[in-house]
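Have a look at the picture, then work through the points below.

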Amino acid sequence: MNTGLDLELSFNNLLQGFGISSEISHILWLPLPMLLVLSSALIGVLVTVWLERKVSAAAQQRIGPEYAGALGVLQPMADGLKLLVKEDVIPAKADGLLFTLGPILVLIPVILSWLIVPFGQNLLISNVGIGIFLWIALSSIQPIGLLMSGYASNNKYSLLGGLRAAAQSISYEIPLALSVLAVVMMSNSLSTIDIVNQQNSFGFLSWNIWRQPVGFVIFWICALAECERLPFDLPEAEEELVAGYQTEYAGMKFALFYLGSYINLVLSALLVSVLYLGGWGFPFPVEWIANLLGQNVDTPLVQVFTGSIGIVMTIIKTYLLVFLAILLRWTTPRVRIDQLLDLGWKFLLPISLVNLLFTAALKLAFPIAFGG
Amino acid sequence: MNIASSTEQICFLILGSVVILGALGVVLLKNIVYSAFLLGGVFMGVAGLYLLLNASFVAAAQVLVYVGAVNVLILFAIMLVNKKEELKQIKGLRTRKVLSGLVCTGLLFLLLRVDLTTNWNLPGPSAIGELSTERIGEHLFTDYLLPFEVASVLLLMAMIGAIVLARRDVLNTDIATGDSVDQNLIEKSNDPILLEQSSN
């Protein structure tokens, strides 16, 4: 088994070379990946906001942001700065404590979920055994934050928006979890690393999207619904609910919601690429290419090279999916709340159950192709 | 004492106080919405305790089931029927409070006695950490298969019952009275069904 780059081990060895005990070097190591992932999540959001503005503009035959930096790349920074210096208003009749706590509760689970996103064999914060299940569990906390902010705003639109958001999030979590379960069944593991490794034996031919096409579509629909993206942005449907649970929010608290929804979008795209598109895998196995060029995969230089290719591949796949989500935003009309719940409970849930059953049957019938 | 075990101690103290204070808040606070949110906090604290005990799968399941489903359902129920009405004054409220307080302190002392008299240092099975997911699955499909299936049937029964109660319009006759049921669900009058039976 190719272990690939192990930065933690090299870091620990380096520090122990300076005569520092292994415990202290471990403690020094711990914050580094967290900071790195946090900042990459934030940069991912900035890029996504810029993409959203530019692609939306192109879809509507406008130019979009142009003057803030080249091609308007600094526009998201300007947006963030504006929200940062805005006055923080808490409505007079609102419940101040819950009003403040709501956006925080929405953001924290999303950021914690980045714990399990792999960018390479050892390039993730923690290869926890429960892997993808941790994400499903954490994303179920979010509705509480939405309900909290909807209730605390003391505004009927906010309350309705919060309730809608929670209902939507609960309904779509079930088909989402079932389609993840089908993938987990094929790879015999909940760990995101194992799921990616299982897909990368024959390049793009062994990606899960070929073995789980139905699961892929269900997962993508449910992920869009969980992120409250159009066509499922009912909680903040502006024609009906002003802005849903965000109506009373301003300044940094609004920015937390904004940040949460975009981090969630990037995270969902990352997880789609991990679960169905081979994660960090290059369309052709890197080992084959290295052998073709007469290089040994275990030499440090080749490992650095394959590691970088892995990160680039993950990011390319993710942003292709983000691009798709933005295109969907401008090409699909919003569904009604009853249509949304019908789609979730009467269509996606039965189909994902059948998909799970079918996967189990195929796994028993063809253990070679479906991970016996 | 090394760093790992002292971190564990500190985490345990924090989680323990979160659980105890949160649970007290759930019972004692007047505002029912605060109680419901604190209940979510208590569930999270318990999940943290499971994590400290090396049971990460149980912790995640606790978060998914209790925080993500049970607590959200409770909040839904509270927010959908949240009428601002004053509760009627119950007679002898103070005596009731004192009595329930006495019962609770009695139970607390009983538990403390159990805690102090039991020998906790038994050599239990060693923690298997990451392997526990597989082990739970094995147990659920071998020696705990019957309880597992019975629990699922019980849940199914509860679900069907809830659907029948909520959608009485699908039945042509009312189960309790035998009268034909009004098809118009929204305009339906709110007369209790069982009251007519007792007056006859």
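**Where the two chains meet**

Across the interface of chain A and chain B, one residue pair turns up in polar contact, with both residues at pLDDT 80 or more. Keep in mind that this is a predicted model. Salt bridges between chain A and chain B come to zero. So what does the meeting place look like, and what goes on elsewhere?

**The interface**

- Chain A brings 24 residues to the contact, and chain B brings 24 residues as well.
- Together the two chains bury about 2,100 Å², with 79% of it on carbon and sulfur atoms.
- On the chain A side, Phe133(A), Ile144(A) and Tyr151(A) lose the most area to chain B, together making up 25% of what that side buries.
- Which helices of chain A each supply at least two residues to this side? They're helix H2 (22-29), helix H6 (131-139), helix H7 (142-152) and helix H8 (156-187).
- H8(A) gives the largest share, with six residues.
- Sorted by class, the side of chain A that touches chain B has 19 nonpolar, two polar and three charged residues.

**Salt bridges**

- Side chains of opposite charge can pair when their charged atoms come close.
- Over all chains, the structure has six salt bridges.
- One of them joins the side chains of Arg229(A) and Glu52(A), at 2.9 Å from N to O.
- Arg229(A) sits in the loop between helix H11 (213-226) and helix H12 (238-241) of chain A, while Glu52(A) sits in helix H3 (residues 31-59) of chain A, so this pair ties together parts that are 177 residues apart in sequence.
- Are these two partners buried or exposed? Arg229(A) is buried, at 7% relative accessible area, and Glu52(A) is buried too, at 4%.
- Glu52(A) and Arg229(A) also belong to a network of salt bridges that links them with Arg329(A).
- Another salt bridge pairs Asp79(A) with Arg53(A), whose closest N and O atoms are 3.0 Å apart.
- Because Asp79(A) lies in helix H4 (residues 75-85) of chain A and Arg53(A) in helix H3 of chain A, that pair ties together parts 26 residues apart in sequence.
- Asp79(A) is buried, with a relative accessible area of 15%, whereas Arg53(A) counts as partly exposed at 31%.
- Lys346(A) and Asp342(A) form a salt bridge as well, at 3.4 Å from N to O.
- Both Lys346(A) and Asp342(A) lie in helix H16 (residues 337-365) of chain A, four residues apart, which is about one turn of the helix.
- An α-helix has 3.6 residues a turn, so residues three or four places apart point the same way.
- Lys346(A) counts as exposed at 62% relative accessibility, and Asp342(A) as partly exposed at 36%.

**A buried spot in chain A**

- Val272(A) is found in helix H13 (residues 251-276) of chain A, and Val272(A) is buried, with a relative accessible area of 1%.
- Leaving out residues up to four places away in sequence, Val272(A) touches Phe216(A), Phe219(A), Trp220(A), Leu277(A) and Leu321(A).

**A look at chain B**

- Chain B has seven helices and zero strands.
- Of its 200 residues, 17% count as buried.

How values were computed. Residues are numbered from 1 along each chain as its sequence is written. Chains are lettered from A and ligands numbered from 1 in the order in which they are written. This is a predicted model: local features need pLDDT of at least 70, side-chain atom pairs count only at pLDDT 80 or more; totals for chains, interfaces and linings use all residues. Side-chain values use heavy atoms; hydrogens and water are left out. Buried means under 20% relative accessible area, exposed over 50%, partly exposed in between (1.4 Å probe, protein chains only). Contact means heavy atoms within 4.5 Å. Buried area is the accessible area (1.4 Å probe) that two parts lose on being put together, summed over both. A salt bridge is a side-chain nitrogen of Lys or Arg within 4 Å of a carboxyl oxygen of Asp or Glu. A polar contact is a pair of N or O atoms within 3.5 Å; within protein, one must be able to donate a hydrogen and the other to accept it, and residues adjacent in sequence count only if both atoms are side-chain atoms. Ala, Val, Leu, Ile, Met, Phe, Trp, Tyr, Cys and Pro count as nonpolar, Asp, Glu, Lys and Arg as charged, and the others, Gly among them, as polar.
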